[in-house]
Each structure stands twice: as C-alpha cells, then as structure tokens.
Amino acid sequence: MIKFDKVTKAYGKIAALKDISIGIQKGEFLSVVGQSGAGKSTLIKLIIGEERPDSGRILIDDIDVAKIRSSDIPYLRRKIGVVFQDIKLLPSRTAFENVAFALEVSGEKESKIKTEVPKILELVGLSDKTDAFPNEMSGGEKQRVAIARALAHKPVLLLADEPTGNLDSINAWEIIQVLLKINSKGTTVVLATHAKDLVNSIKKRVVTIEKGQVVYDQEKGKYVL
Ligand SMILES: Nc1ncnc2c1ncn2[C@@H]1O[C@H](COP(=O)(O)OP(=O)(O)OP(=O)(O)O)[C@@H](O)[C@H]1O
Ligand SMILES: [Mg+2]
C-alpha cells in the first residue's frame, strides 16, 4: 500500500532521512520508533505530501506522492487520516460538532452526518461525551475526538504522530487500544512514537529509525534502542 523506495530528505544541511526503503502492506499496524530527531515526523510528512523528498519515490496505492500536483493533495489527504500530538480541536464546538465539521467542509449531507458521527464516536469509546466541549474533556478524551475526526472520511490509512505524547500512561494505552481496534477493522495504521513501553506491548511490526536510517525492521518487534 505504501512503498518508500530509496527516499532521501534533507532540510538544508540536515539529513532527516537517508535512502529509506520500506513497504507497508494494506491492513498492517506499523510502529515507527526512534529517538528525537531520528526522522519519524519527516516520514509522516512525506506520506501526506507536506514535505517532498529530495530523491526516491513514495508510492501510495501506485500514486507517486513525490510527484503529485499540489492541487491533488486534498484528494490524497482524504484517503489518509492524521493525528498529531498537539490536539487542535475547535474549542467552541462539542465532540460531535468537531467530528461533524470535518464532514461539513467536504460537503456531506446533514442526514449522513447525523448517522455517521455517532458511529465514529462509538468506535473511539466516546458516546457518552458527544455533547461535551473540549474544555470538559480529559487529554485522552480530546485525543480520541481527534482520532474520530481523522476517521470521518473513512480513510484507508491512519497516521498517528506521537499521539500519546502529552498523555499519562493510562490515557496513552487507551489511545493505543483505539488505534488497534481501528486497525482490526481494516484500516492501515502507522504510529510514530518514542514511547518504548507502549510499542513493546503492541507486539506488531516495529521499524526503528536512527539518524534518518532504518536500523531495525521487525515483525512483532520490540523497541530496542
Ligand atoms: N522544517 C525543518 N527545518 C529544518 N530541520 C528540520 C525541519 N524539520 C525537521 N528537521 C530536522 O530533521 C531531523 C528529523 O526531524 P523529525 O521531526 O523528523 O524527527 P522526529 O523523529 O520526529 O523527532 P521527535 O521525536 O522529536 O518528534 C531533525 O534533525 C530535525 O531537527
Ligand atoms: Mg516528531
């Protein structure tokens, strides 16, 4: 589904990724781990077309993201849900409205929004917070709203960049459970993190990046650094 073929990306003189080649299968749950500055976020940004590689190819379902026209990026983004560490919810909207907003902006019908949003909130375990505003929710609950929002368009791929970074261990583990559940329903998940304990508990494929290079790629791997 995703193929990095000899991908190199530098920011000025800083080499963020060097000659990366990895494949990610449809339906896979992949953790990308490595220390701060290793290149994890760069990898995520390349997948969504936010950054362009200096060389190499990045194929998503046979579309070369490295060559995609800027005008086609919105279509790519609709296939891909993204969740970040800093959860940016609309503060004056409820959990329901935050998720609904993602569908409104793409012109979905009111009736579809009314039936779809509750289903997505249920999937992330937030049915009881439907009408809560962000300032009435815990960090973990807000992150689950952000995940629900990322799922609104039923993406085939969910990218999560350090989604548990600001959470305590209990909330963090709940987020991982939600990601695993989403993956079990068929969505490919890529999780970038340096949370060692979490990754060790997931027992799925782990790619370890060190200074922009893949140093380990293990099935049911462990975070070894
Ligand atoms: N916009 C940028 N301009 C210049 N250098 C950058 C930029 N973004 C990232 N870098 C550099 O590229 C390297 C890889 O950064 P990246 O953000 O991918 O790391 P990371 O693994 O996500 O780190 P963290 O765990 O801290 O989030 C680092 O050396 C970083 O300083
Ligand atoms: Mg990062």
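Two strands are taken here as paired if DSSP finds at least two bridges between them. The structure is a predicted model, and by this criterion strand S9 (residues 205-210) and strand S10 (residues 213-218) are joined by five bridges and run antiparallel.

**The hairpin of S9 and S10**

Within this pairing, Glu210 has Gln213 in S10 as its bridge partner. Two residues lie between the strands of the hairpin, and Lys211 adopts a positive phi near 45 degrees there. Strand S10 also holds Val214, a residue that is buried, with 20 other C-beta atoms within 10 Å; the cut-off matters in this case, because a residue counts as buried if 20 or more other C-beta atoms lie within 10 Å of its own. Leaving out residues up to four places away in sequence, Val214 touches Ile20, Ile22, Val207 and Ile209. The C-alpha atoms of Val214 and Lys18 are separated by 8.7 Å, although the two residues are 196 residues apart along the chain.

Four strands make up an open sheet, in the order S2-S1-S4-S5 and with antiparallel pairing. Strand S2 (14-24) and strand S5 (63-64) stand at its edges, and because each has a single partner strand, one side of each is left without a neighbour in the sheet. Inside the sheet, strand S1 (residues 2-11) pairs with strand S4 (residues 55-60) in the antiparallel sense, over five bridges, and Thr8 stands opposite Ser55 in S4. Helix H1 (residues 40-47) packs on this sheet, where H1 touches S1, S2 and S4, and the direction of H1 makes about 120 degrees with that of S1.

Two packed helices are described by the angle between their axes and the distance between the axes.

| Helix pair | Axes come within | Crossing angle | Handedness |
|---|---|---|---|
| H5 (residues 139-151) and H6 (residues 169-184) | 9 Å | roughly 20 degrees | right-handed |
| H3 (residues 95-104) and H5 | 8 Å | roughly 25 degrees | right-handed |

For the pair of H5 and H6, whose axes cross at roughly 20 degrees, the arrangement is roughly parallel. In their contact, Gly139, Gly140, Gln143, Arg144, Ile147 and Leu151 of H5 meet Asn171, Glu174, Ile175, Val178 and Ile182 of H6. The residues of this contact comprise five nonpolar, four polar and two charged.

Helices H3 and H5 cross at roughly 25 degrees and are therefore roughly parallel to each other as well. Here Ala95, Asn98, Val99 and Ala102 in H3 meet Val145, Ala148 and Arg149 in H5, and the residues of the contact divide into five nonpolar, one polar and one charged. Buried residues of H3 are Ala95, Phe96, Asn98, Val99, Ala100 and Ala102, and what covers the buried residues of H3 includes helix H4 (110-123) and H5.

**Loop residues**

Asp131 is placed in the loop between H4 and H5 and is exposed, with 10 other C-beta atoms within 10 Å. Apart from its neighbours within four places in sequence, Asp131 is in contact with Thr94 and Phe96, and the latter is among the buried residues of H3. The C-alpha atoms of Asp131 and Ile48, which are 83 residues apart along the chain, are separated by 31 Å.

Asp62 shows a positive phi of about 70 degrees although it is not a glycine; Asp62 belongs to the loop between S4 and S5, and with 7 other C-beta atoms within 10 Å it is exposed. Glu162, likewise a residue other than glycine, has a positive phi near 55 degrees and lies in the loop between strand S7 (157-161) and H6. With 18 C-beta neighbours inside 10 Å, Glu162 counts as partly exposed.

Technical notes:
Residues are numbered from 1 along each chain as its sequence is written. Chains are lettered from A and ligands numbered from 1 in the order in which they are written. This is a predicted model: local features need pLDDT of at least 70, side-chain atom pairs count only at pLDDT 80 or more; totals for chains, interfaces and linings use all residues. Two residues are in contact if their C-beta atoms, placed from the backbone, lie within 7 Å. Axes are lines fitted to C-alpha atoms, for helices over the stretch in contact, and angles run from 0 to 180 degrees between N-to-C directions. Angles under 35 degrees count as roughly parallel, over 145 as roughly antiparallel, 65 to 115 as roughly perpendicular and the rest as oblique. A crossing is left-handed if the near helix is turned anticlockwise from the far one by less than a right angle, and right-handed if clockwise. Ala, Val, Leu, Ile, Met, Phe, Trp, Tyr, Cys and Pro count as nonpolar, Asp, Glu, Lys and Arg as charged, and the others, Gly among them, as polar. A residue is buried if 20 or more other C-beta atoms lie within 10 Å of its own, exposed if 12 or fewer, and partly exposed in between; C-beta atoms are placed from the backbone.
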